[in-house]
Amino acid sequence: MSGERKIERSFCEHIDQGKAQAEIDRLLTDSRFQSPERNRNFLRFIASEFFEGRAEAIKAYAIAVDVFGRPANFDPSVDPIVRIEATRLRAALTQYYDAHGSDTGIRVDLPRGRYVPVFTRMAPNEMASPSAEAAEPDVSAQAASVEESSGRRFWGANTRLALAWLLVGIGLATYVLTIGLDAWKHNALRQKPLVSIAFSGDTDTPEQDVEKIRDYLAVAISQFQTVRLASTVDHTVTASLGEWTAPKLVSALRGQRVADDYRIVLKYEGKGNQIFVWWQVTDASTGEILLSGIEDASLPDAVALPASQSLANRLARTLVGTRGVINTIETLHELNAPSLGNGCILRAIAAGDRGDEAGIVDARSCLEQTLAITPNDAGAKAELAIVLLAQDPVEAPTEVSDRAYELAADAVKLAPFSDRSKYALMISQFRSGQVEAAIETGYAAIALNPNNSDIAARLGLYLFTAGRWEEGAGLAVRSAQMARNIASDSLLTRALNAYRLGRFDVALALSQQLKMSGDYVVHAVLAAAAGQLGRTDDARLALASLGAGRADFDVAFRKSMRARYFTPELTDLLEIGVLKAAPKKS
């Protein structure tokens, strides 16, 4: 859910202030209202201002200073704290009322574009909790009504009553099979796509060569755990470790496809010392060719491997990697027709790649709903942990980061062979200050899936910030060699390394590729490199984002870098360049 709600005017008028205040008080004391204390204070402040008749004075500046403790020189164009927290509060309000309704018949909303709360009368069908109504249908009241009106015995010849009980029986059976009526209403959980593979070689290729690369490919695909593989023998489904896979009967009742989602056809060809694999991805239900291409073992790989293994790894990354062919197709489908389950995970990854705050909020809500239905979904837990950490401020972490750590740790327990679960735990450990533990977990994640460029890129960044320069830079290069679309963490580490080595032009060029990300460290590298080169115009926006014109910049900069666990040496080097770029005070 995006946090937006269309408000009908007929429900907006004539709300008594006392009743509105009572709803605010009730909401803030309800433990089911999942919002951190900082956002509860946000709501208290804007409601108080509204009730005091100062609605027009509710501006970003006042909220930042009075609620979030920002200094008097706060600039909302540089520090987006109020906009970010408003998005979170908006989503929390929507999620609460959609799930639990309201005892008072009044609902609180925070429309986009303003920070003034809106109080509306709820429609009758919004008054009670939808989940409660779905879980406990009042069948007895319906039966009593029918019996009273007919004047006959319960098991008499009342066709309508018999039909009603039949429908109730079907509904209860459906509930059991689909893990709740709420899941049925939302078209349930979308699983990872089911894929079948056909691999063949040309007439001149020895069968053992084809079998070798086929075996390497099966291993590489299983390490990603982004798809479900259909057996080539009896066409049964192989479940990913740590992930529940529904029986076909349940899948059919949920309206999900039970046949293969995709079919991958591969043809091996050897010419002298070179080997090639032609591949084609088709829609298994329609036979439509979605994409095809050729992989060549002569291309350099991240590490020295036999040619057949190197080629199999590249094929796996291309076809089933996190941003490979199949997941890209699935993500596009999800953006157009959202669902729960694996769809939430795909949309969360896409939102993180784009830095889409609204998309991240939507993904969090979607993942929460998924876990409400399948609480032991390791993939959803790992992705929710990553999403929560993306929302929680690095410099001032809240209990959200603590919850993210718990989710990631639980995901690893549920799926100890999942690279994504280990990746989420690595990030959680680093954010909590367990730098060495995070590095150890990162290497364990790489061991589970050496082809995951995201893990190598993030671990490389952590190693570099901790002062292990060569080790971190080496992983950044390795990640870049694996990925068609180079991970932002890889680019950032390489920019930092270039700056440390005095190659300021390279550092500037790399950081400029990332300047739209809004990341604090990216702005620091960009400003520092531009300052060292004397190109102050290139540093202007980055300096504004860093708050370089403030009197307390030195203290604030060092605090921000410490929160990201940068070594003092690297912090000193960056600060020198930033100060060179900053305009001199007259």
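Helix packing

Analyst: Helix 18 (residues 435–448) packs on helix 19 (residues 453–465) at an angle of about 155°, with axes 10 Å apart. Helices (H or I, at least four residues) and strands (E, at least two) are DSSP runs, numbered from the N terminus. Axes are lines fitted to C-alpha atoms, for helices over the stretch in contact, and angles run from 0 to 180 degrees between N-to-C directions.

User: What should I know about the model and the numbering?

Analyst: This is a predicted model: local features need pLDDT of at least 70, side-chain atom pairs count only at pLDDT 80 or more, and totals for chains, interfaces and linings use all residues. Residues are numbered from 1 along each chain as its sequence is written, and side-chain values use heavy atoms, without hydrogens and water.

User: Back to helix 18 and helix 19. Which residues meet there?

Analyst: From helix 18, Ile439, Gly442, Tyr443, Ala445 and Ile446 meet Ile455, Ala456, Leu459 and Leu463 of helix 19. Contact means heavy atoms within 4.5 Å. The residues of this contact divide into eight nonpolar, one polar and no charged. Ala, Val, Leu, Ile, Met, Phe, Trp, Tyr, Cys and Pro count as nonpolar, Asp, Glu, Lys and Arg as charged, and the others, Gly among them, as polar.

User: How does helix 18 pass helix 19, left-handed or right-handed?

Analyst: The crossing is left-handed. That term applies if the near helix is turned anticlockwise from the far one by less than a right angle; clockwise is right-handed.

User: What about helix 23 and helix 24?

Analyst: Helix 23 (residues 520–533) and helix 24 (residues 536–546) pack at about 145°, axes 8 Å apart. Their contact has nine nonpolar, three polar and one charged residues.

User: And helix 22 with helix 23?

Analyst: Helix 22 (residues 504–512) packs on helix 23 at an angle of about 145°, and the axes are 8 Å apart. Helix 22 passes helix 23 in a left-handed crossing.

User: Switching to strands. In what sense do strand 4 and strand 5 pair?

Analyst: Parallel, over two bridges, between residues 194–201 and residues 228–230. Two strands pair if DSSP finds at least two bridges between them. Arg228 in strand 5 is the bridge partner of Leu194.

User: Which other pairing does strand 4 make with strand 7?

Analyst: Strand 4 pairs with strand 7 (residues 262–271) in the parallel sense, over seven bridges. Ala198 stands opposite Val265 in strand 7.
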